[in-house]
Amino acid sequence: MSKYKYIVHDYHAIKKAEIAIDGITVLSGVNGCGKSTLSRWLYYIINGTNEFDSYLFDDYKKRLGYMTDRMLFVTQDLVRFIRSKKLPDDHLDLLYETINKLRLIKYYSKEQIEVVNGLFLEALHATGSLLTATLTEDIPEARKARFLSYLNIDVQDKDIHQAIENFIDKNSRWVDSLTKKIYQEMRERPSRTFFEAINSHFDLNDASPSFIQLKEDLVNIIEDRHISTLFNLRNAIYIDTPMSIDAGSTDNLFWKALREMIMDNKKKEQSVETKKFLLRIKELLDGEAVLDEKETFKERDLRYVSSDKKINIGLNEAATGFKTFSYLQRLLENGYLNDETLLMIDEPEAHFHPQWIVEFARLLVLLNKKLGLKIMIASHNPDMVAAIHDIAYKEGILNDTNFYVAQPENPDSHTYICKDLGHEIGEIFESFNIAIENINRYGAMDLQ
C-alpha cells in the first residue's frame with residue numbers, strides 16, 4: 001500500500017502543514033486554522049492529477065463552443081431574412097445539427113478531440129456558406145456591418161467573398177493551433193497549466209498556495225515544470241456536511257460530485273467485506289437509504305425505508321445522523337470506497353449522539369482495515385478523536401493512524417502550524433480544554 005505525504009506552506013491561515021496520508025489521518029484545531037482549506041486543496045490535487053486530461057478537454061470544448069455560439073447568434077438573426085427571400089436554408093440546418101452534436105459531447109476521450117475538431121470545422125464552413133449566400137443580398141449596410149463585426153470579419157478593401165474566406169482560414173488555423181496545444185499539454189502535463197485548469201474547473205477566485213506538494217512513496221507529484229501521475233490514489237471524496245445529500249441541483253462542486261456518486265445506480269459486484277459493512281449500517285439505521293426509481297419528471301430522490309417497511313420517507317426528512325450513515329451506505333453500494341480512494345470528512349460527529357459517534361468511528365477504522373480506504377477527518381469532538389484512537393489500537397492499525405493539532409505559530413499569530421502528534425492525542429485534549437477555559441472566562445465577565 002503506497003504512503004503519501006501532503007505539504008502546504010504559507011497559505012492563508014496555514015503556516016506549515018506536513019501531513020501523512022497512510023491510513024487514517026485526524027486533524028484537530030480551532031475554527032479558522034485552515035483544516036477545510038487543507039482538505040479542499042488535497043481534493044483539488046488528487047482529482048486534478050487524475051482528471052487533468054478531462055479538464056483540458058473541457059476547456060478546449062468550451063473555447064470552441066464560445067466561437068460556435070457566436071456563429072449561431074449571427075445565423076439565427078439571419079433566419080428571418082433567409083426565409084423571406086426564399087433562399088435555401090440547408091446551410092442553416094447543417095449548422096444547427098452540427099452545434100447540437102458538439103453540445104452533446106460531455107465526456108473526454110482522445111478520440112473525442114478529433115470529433116470536436118471536426119464538428120467545429122463543419123460549423124465554421126456552414127457559417128461561411130450561409131454568410132456568402134446572404135450577405136451578398138440586399139441587406140442594410142448597418143445590419144451587415146453588425147454581423148461582420150460580431151464575428152471579427154474584416155472587409156475593408158476586400159470583397160465580401162474574400163473576407164469570408166479569410167474568416168474561415170483564420171479560424172481553421174486557430175482550431176488547429178488549439179488542437180496541437182491540447183495534445184502537447186496532455187503529453188507534457190505542465191505544472192502551470194495544471195493549476196490554471198484547477199482554478200478554472202473549480203471556479204476558484206484565489207491564488208494557489210505558494211508551496212504545495214503531494215508525495216507518493218517519497219516521489220514528488222508536483223514537479224517544477226510537470227505534474228506526475230498518481231499510481232495508487234485515483235479518487236478523493238470530500239464531505240463537508242451530510243446535508244449535501246439533499247442538495248439536488250447545486251453549484252457546490254463538492255456536493256455535486258458527491259450526489260452523482262450517491263445517486264449512481266449502476267449495479268456493481270460487491271465483495272464479502274462490502275456486504276458485511278452494508279449489513280452493519282442497515283442494522284444501525286434499522287433500515288436503509290433507497291433510490292426512488294419511480295418514473296417522474298422530478299430528479300430521482302433518496303428515501304429512508306425502515307426494516308419493517310412501515311416508514312418510507314424522503315431522506316431529507318430523516319435525522320441528520322441517518323444521512324451521515326446513508327452516504328457511506330450508498331458510496332459502498334456503488335463501489336466508490338476502496339484502496340484507491342481518499343475519503344475526507346469535516347466534523348463527521350455533527351448531530352450524532354454519543355453511541356453513534358463510537359459506531360461511526362468503528363466503521364471508519366474498519367473501512368481502512370478491511371478495504372484499505374484512506375481517510376482524513378477534521379474533528380472538534382474529543383469523543384470522536386478518542387474513539388478513533390482506541391478502536392484503531394484495538395484493531396491493530398494504530399501505526400497507520402496519525403493525529404495532528406493546529407497550533408498558533410506564536411501567541412499573537414493568526415497563522416497555524418500543524419503539529420504531528422503521532423499516535424498520542426493528549427495535546428488535542430489540551431486544545432479542547434483551552435476552549436472550555438475561554439467559555440468559563442467569558443461566562444464570568446460582567447455584561448455592561
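A pocket here is an open set of points on a 1 Å grid over the protein atoms alone, with protein on both sides within 12 Å along at least five of seven lines. A lining residue has an atom within 4 Å of such a point. The model is predicted.

**The largest pocket**

The largest pocket is lined by 47 residues. Glu51, Ser54, Tyr55, Asp58 and His201 lie nearest its centre. Several elements give two or more residues to this lining: helices H1 (35-50), H2 (52-84), H3 (90-104), H6, H7 and H8 (253-263), plus strand E6 (235-239). H2 gives the most, with twelve residues. The space in the largest pocket comes to about 1800 Å³. By class, its lining has 19 charged, 18 nonpolar and ten polar residues.

**The chain overall**

The protein chain holds 13 helices and 13 strands. Of its 448 residues, 48% count as buried. Take the contacts between residues at least 6 apart in sequence: 71% of them join residues at least 24 apart.

**Met67 in helix H2**

Met67 is found in helix H2. Is Met67 buried or exposed? Met67 is buried, because its relative accessibility is 11%, and the cut-off for buried is under 20%. Beyond residues up to four places away in sequence, Met67 touches Phe120, Leu151, Phe167, Asn171 and Trp174.

**Two positive phi values**

Arg189 has a positive phi, near 50 degrees, and is not a glycine. Arg189 sits in the loop between helix H6 (160-188) and helix H7 (191-201). Its relative accessible area is 12%, so Arg189 is buried.

Glu347 also has a positive phi without being a glycine, at about 45 degrees. The loop that holds Glu347 runs between strand E10 (341-346) and helix H11 (354-371).

Asn334 lies in the loop between helix H10 (320-333) and E10. Its relative accessibility is 4%, so Asn334 counts as buried. What does the side chain of Asn334 meet? A polar atom of that side chain lies 2.8 Å from the backbone oxygen of Met261. Leaving aside neighbours within four places in sequence, Asn334 is in contact with Met261, Ile262, Asp264, Lys266 and Lys268.

**Glu395 and its partners**

Glu395 belongs to the loop between helix H12 (382-394) and strand E12 (401-408). With a relative accessible area of 23%, Glu395 is partly exposed. Not counting residues up to four places away in sequence, Glu395 touches Val365, Leu366 and Lys369. The side chains of Glu395 and Lys369 make a polar contact at 2.9 Å. Val365 is 30 residues from Glu395 in sequence, and the C-alpha atoms of the two are 7.9 Å apart.

**Cysteines**

How many disulfides does the model have? The count is zero. Take Cys33. The closest cysteine sulfur, in Cys418, is 6.7 Å from the sulfur of Cys33, so this pair is too far apart for a bond; a disulfide needs sulfur atoms within 2.5 Å. Cys418 is likewise in no disulfide, and its nearest cysteine sulfur is that of Cys33. Cys33 is buried, with a relative accessible area of 5%. Cys418 is buried too, at 15%.

**Accessibility at a glance**

The table gathers the residues discussed above.

| Residue | Relative accessible area | Class |
|---|---|---|
| Asn334 | 4% | buried |
| Cys33 | 5% | buried |
| Met67 | 11% | buried |
| Arg189 | 12% | buried |
| Cys418 | 15% | buried |
| Glu395 | 23% | partly exposed |

Definitions and conventions:
Residues are numbered from 1 along each chain as its sequence is written. This is a predicted model: local features need pLDDT of at least 70, side-chain atom pairs count only at pLDDT 80 or more; totals for chains, interfaces and linings use all residues. Side-chain values use heavy atoms; hydrogens and water are left out. Helices (H or I, at least four residues) and strands (E, at least two) are DSSP runs, numbered from the N terminus. Buried means under 20% relative accessible area, exposed over 50%, partly exposed in between (1.4 Å probe, protein chains only). A polar contact is a pair of N or O atoms within 3.5 Å; within protein, one must be able to donate a hydrogen and the other to accept it, and residues adjacent in sequence count only if both atoms are side-chain atoms. Contact means heavy atoms within 4.5 Å. On a 1 Å grid over the protein atoms alone, a cavity is a set of points where a 1.4 Å probe fits but cannot get out, and a pocket is an open set with protein on both sides within 12 Å along at least five of seven lines; lining residues have an atom within 4 Å of a point. Grid points are joined across faces, edges and corners, and a volume is the space filled by probe spheres set on the points. Ala, Val, Leu, Ile, Met, Phe, Trp, Tyr, Cys and Pro count as nonpolar, Asp, Glu, Lys and Arg as charged, and the others, Gly among them, as polar.
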